[in-house]
Every structure is written in C-alpha cells, then in structure tokens.
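Open the model in your viewer and keep the selection tool at hand. We will go stop by stop.

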Amino acid sequence: MSTLPAHHSSMTTYKYLYSVIAALICLVSACSKHTPTEYVFHLPPDFPPPPVPVDNPMTLEKVSLGRHLFYDTRLSANNTQSCSSCHLQAQAFSESLATGVGSTGEVLARNSLSLTNVAYNETFTWAHDSLTSIEAQILIPLFNEAPIEMGLTGNEEAILARLQKDATYQKLFAAAFPEQNKNITLDQTVKALASFIRSLTSFNSPFDRYAYYGEDDALTDSQLRGLGIFMSEKTECRHCHGGFNFSQSTNQHGLAITERPFHNTGLYNPEVPPANFDQGLYDISLREEDKGKFRAPTLRNLQYSAPYMHDGSLATLVEVIDFYAQGGQNLSSGPLKGDGRAHPQKSDLIKAFPLSEEEKQDLIHFLHALNDESFIENPLYSNPWKTQP
Amino acid sequence: MRKPYLIQLIRTLFVTSLLLATSACSKNTAQPITIYFSAAEKSSANPASFTLRQFKFYLHNVFLIDKQGKFIPARLNDSPPWQQSTGALIKLDQQGEQSNSQITVQPETSVSPDEIAGIQFTLGLDFSTNHQNPLTAVSPFNVGSMYWSWQLGYKFMRLDFSLEDRHFNFHLGSTGCQSASPMRPPTDHCERPNLSTIQLLDFNPTTQHIQLDLSALLKLIPADTPNTHCTGNYQDNPVCAGFVTQLGLSATTGQCIDQCQQQSFFNVNTASAPQ
C-alpha cells in the first residue's frame, strides 16, 4: 500500500486541504466585496493589448478614479487647471493652442500631445529617450516649475488634503486601493491618472474598419489611393509613422528590440539660434547627432488635434504635406531664419518629392480616414463631474 | 485509505514526466552551433568619410554543409528576441542600445563541428512569415524599422549610410506583391521575391565567421552620386541595381542569377568571432 509513514498521509494532507479551502473562501468573499475589477481594453480582434506595469494593473476602479482626477482643477495648486485644460477630449486630448499655458499663465515651449493610444508609446513627450512610463511622465505636469504647469511642488500635502475631504474621492480611492484605504497618497493619485490615460484607446476609425475588421468598403477610392501614397517610397511616411499606431515609437506586444526612433524632419536650422531654442532630444542627451530630433507622433485623430508639430507651428495638414514635399522648411525671415532642409542631422528619409494636387488630396483624405469620431465622443472618457452630482 | 494512492499517483506522474523530458533531450544529440557575422566598414575604395547608420537583415532556411558536401538542415533555435525558428534578425550597426551579430542553429543530424565545411541560408523571409499578420507578429518580426506593409512584408536587408553628407538607403525586400491595398496580404507569390541564396564554402563556424563586405558595395558608387534611395524599383537606378547584383539577384526579375552564386557581399573571415 502506501510507502509513506501513516502520520504524514493522514494529518498533513488534510491540513493542506483545509488551508487551500480556507484560502479559496477568502478569495471568493473578497471578490464580492473589495477586489477591484480587471479592466478589459476595447480593441479590434487579435489586437495586442498595450503593456501595463506590473505594479499598476488596470482596474475599472482605478480608471474611474483617474478619470475624476483628470478632470479636477483641485489638482493644481491654485485650483484653476486640470489635465483636461490642456488635453481636451474634443481635440483628441490635445488642445488648439500652438503651445500650452500653465496654471499660472506661463507659456510652455511645446504643443500639448494628443493622448490617443498613449499606452502604446515607447517613450513619452515629444523628445525624451528615457521617459518610458506614463507614471513618470505624469509627474512632469504636476511638478514642473520651469514653466509652472499645475504647480504641485511644495503644495502636495495641501492638495492631497483637499481630495481627502471630498466624500466622492473617499469612496473612489477606497474602491481603487482597497488594501490601503487610510490616507490618500500621491502614488495612488499618479497610478489612477496613469490608468485612466491608458484606457484612452482609439481603434475605430474608417482605416481600422478596413484594416482590422476587414470591411472592404470602409475606405473611399481616394482614401485607398492615399494609403498607397502614404506607404510609397516616394513619400516615405510609413518609415517613421509605421505600425498600427502610425508612430514608429510604438511599444508593440512582445517588443524586445528597442530602437531610438527620433528624427530631425528639417523643420528648423536657425542661422542664429535664439536663447532656449528647442533642440528636441539633444536637450536631453547632449549628443550632437540628436539635434532637432523629435518623436514621430501618432497620426490618428489629426482632424481634432491641430495645430501640428512639437511647437504647433503648422496649422493645417496641407501645410504639413507641403512641408514634407519640400524636404523640410526654409525660413527666409524671423527669429528662426534658416534652411531646415539643410540641417546636418536631417533624416535621410526626408527628401523633396513631387506631388500632384490630386495626390495631395488623396493623401489628406487618407489621413482623415484615421479620425475616430467615437473616441472624441466616448462617454467613458468624458468629464465625470458633469454627469454625476 | 485513499490519499496515499493519490500521492503515489502524483509521484508516478512526476517521475514519468521527468523520464519523458530526458528522453526528448536525448533524441537529438547534435550540438547547437553558433555562427557569427560582422561588417567590414573601413573602405579604401571610397575615400569619402563613411558613416554607417543602419545595417540589419533577416535570414532563414539554414543548412550546414559537411566535408562530403552533404547538406544538413539546421533549424534556427527559438530564442527571441533575435531569432525564431522562422527567421533571425542580424543587426550590425550601433544605433540604439542593442545589436546582434549571431545566430544559433540546431543541425537536424549530429555533425561534429570540425566536419563542417560550409553554410547556406536564404537572405530574407519565406512568403508566409513575410506576409504574416503584423498585429500578432512577435520579436524579431515586430521591429518597425524593418517593416514595409502587410502587402510587401519586411525589408529583408536594410543598409543606411552616409558618404560625407550624401545619404544612401538600400532596402531590399519582395516587390510586385499583388493585393487590394497595402493593408491586405497577397495571396500569391510576389513578382520579384528578391530572396538571395547565400552559400559559403570553406567555412567553419568554430574557427571563422561571416563578414559583410561593404567596401565592395562602396566601389560601385561613383564619387559624385547624389543621395540614393533603393527601396523598390532597383532596376531604375544603376547604383541600386549594382547593389542587388552584389547579392546574386537580378534587379529586373528579383530571382537568383545562376543560383545567386555570384554574390560577393557575404564572405568568410578567418577570425572565429567578430572583433
């Protein structure tokens, strides 16, 4: 019969069994009371979900809390500004100013980035090669002092106390962080904001219907021609704006080989660089070859996210395409006077190309096929304070 | 007395699975073999200052050739991120933080390393890998800079460099692939597959490595050549056509000329691993 000593077989095995059952009961009861609900991304079939940090798993409760925080001006020191002041849903979570303005009126150097599919980005901001998590990125608007954005520095305690007093937040924080529901912390605030931002996925444009839902009639003939032009070796757009998010800086499922996808597009090459001239990645790395290099942003939802480029200097898509067709920008006057086309670090993929008026229209029609109306109208992303008392 | 049986059963299962695992290992006693690559960048052929920007290529379909001239199929090990059984990515430039100058293969039949006298592989990817669903592709098939579109598939080789301030981009891949749009995969083979068969004889992976000879390519470029993009219509530009010919391919048909035996880009270097 058994080769094991009798005491082992009877006592110990039962003990294990009991503890397993006890643990199971705990789990089940926790589920019904406190355990947060896993968040499921809204994606087309077969789509890779975005990477999510292990220490901040996506839950419905955190997303909901983050959404409240995102739209709350109490998050800025002087109660005037929320994330949504510079990232507006109607503008695909960017804004129509060329460059942002902080809570105290200071002007930022850059155009607010659209938060479309931001969870897939390999790096964050227009040009930073080591800012690789949303959690880290969020600290910038919160704490930035030069220029001041939301002005948290030195005011953290006061701001957290503000939130702590609010009964809505007491409930939301307790639901999002059930295992630590004593005092609201900055860490929780940032994690919740990051979770909401990760939930901002947009894959329901006519292009997506065509490409990923297999709907052959989702694109017009002009848009299909434009897709061909976009993918052609003549324009080379696909090189830097490739992949399902139309940005080479996409952290795709299982991506293990990282590159530094930053490019100088020949936008500027000032003969006399003004003080504080934005040199992009160079300002971070101080490497000569990084001068004027920026991350290629997603081309989704462009209709809503104008103006374009890191400084919002190009107002329309026609201007952007003319810029590429000329192989960069030559400014004959103004403080940035100089020939961007001749910048020594300009990408070898930016080269002038001929484009007929019809081809230009086709290309623009194609870019418009990347607009996802359901994204800017999605009630799950809207201001929750307006719909709830 | 039912529990002891249970424990017994678990033990039996455990031992059986151990045995199974060991026997699976002993089925193929052939040692995995690693093959190294390098790029010879320095060139006396072209005095203009040379800067390598990107140099990457895919390969698959590897055979080792023994001293008797026998072809031994050698499977690429599944070892992401740089290789899967369906293909490997070699990256010989220093751009970005990572590069990869080697592949590891598992010969189908046992072969002693000093019996190996040659190697053959296909530069590029086979049709089904090349036109796989890009959404579900895993490393090394999700590297954006090596991807064209679902219709055309991947860049089999990407070589970007500058001579002084002039830029050269050689992107080799299948062309003439028919489908409704770039977002639809072709159902049939591409008109110009541009798959080159690279065969190197007198090559032993333990004492030698494979070297890519950029100087031979630079010799093809006349001193006053302007910026050149070879990204599809290779036959239209003599420099692009020359590049394709160096790989043993015809620029007009996209097929091997004379089994690609005239390729002169891949060579044997007598050092065992790249310096």
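In what sense do strand β1 and strand β6 of chain B pair, and over how many bridges? Select residues 33-40 and 102-107 of chain B: the two strands pair in the antiparallel sense over 4 bridges. Strands here are DSSP runs (E, at least two residues), numbered from the N terminus, and two of them pair if DSSP finds at least two bridges between them. Pick Ile33(B); its bridge partner in β6(B) is Val105(B).

A word on the ground rules. This is a predicted model, where local features need pLDDT of at least 70, side-chain atom pairs count only at pLDDT 80 or more, and totals for chains, interfaces and linings use all residues. Residues are numbered from 1 along each chain as written, chains are lettered from A and ligands numbered from 1 in written order, and side-chain values use heavy atoms, without hydrogens and water.

Ala74(B) has Pro107(B) as its bridge partner in β6(B).

Move to chain A. Colour domain 1 (60-202) and domain 2 (206-372); the bounds come from an automatic or database domain assignment. Their C-alpha centres lie 27 Å apart. The contact (heavy atoms within 4.5 Å) takes 27 residues from domain 1 and 33 residues from domain 2.

Finish on Arg110(A) and Asp278(A). They form a salt bridge, with the closest N and O atoms 2.8 Å apart. The term means a side-chain nitrogen of Lys or Arg within 4 Å of a carboxyl oxygen of Asp or Glu. Between the two domains of chain A, the count is 1 salt bridge.
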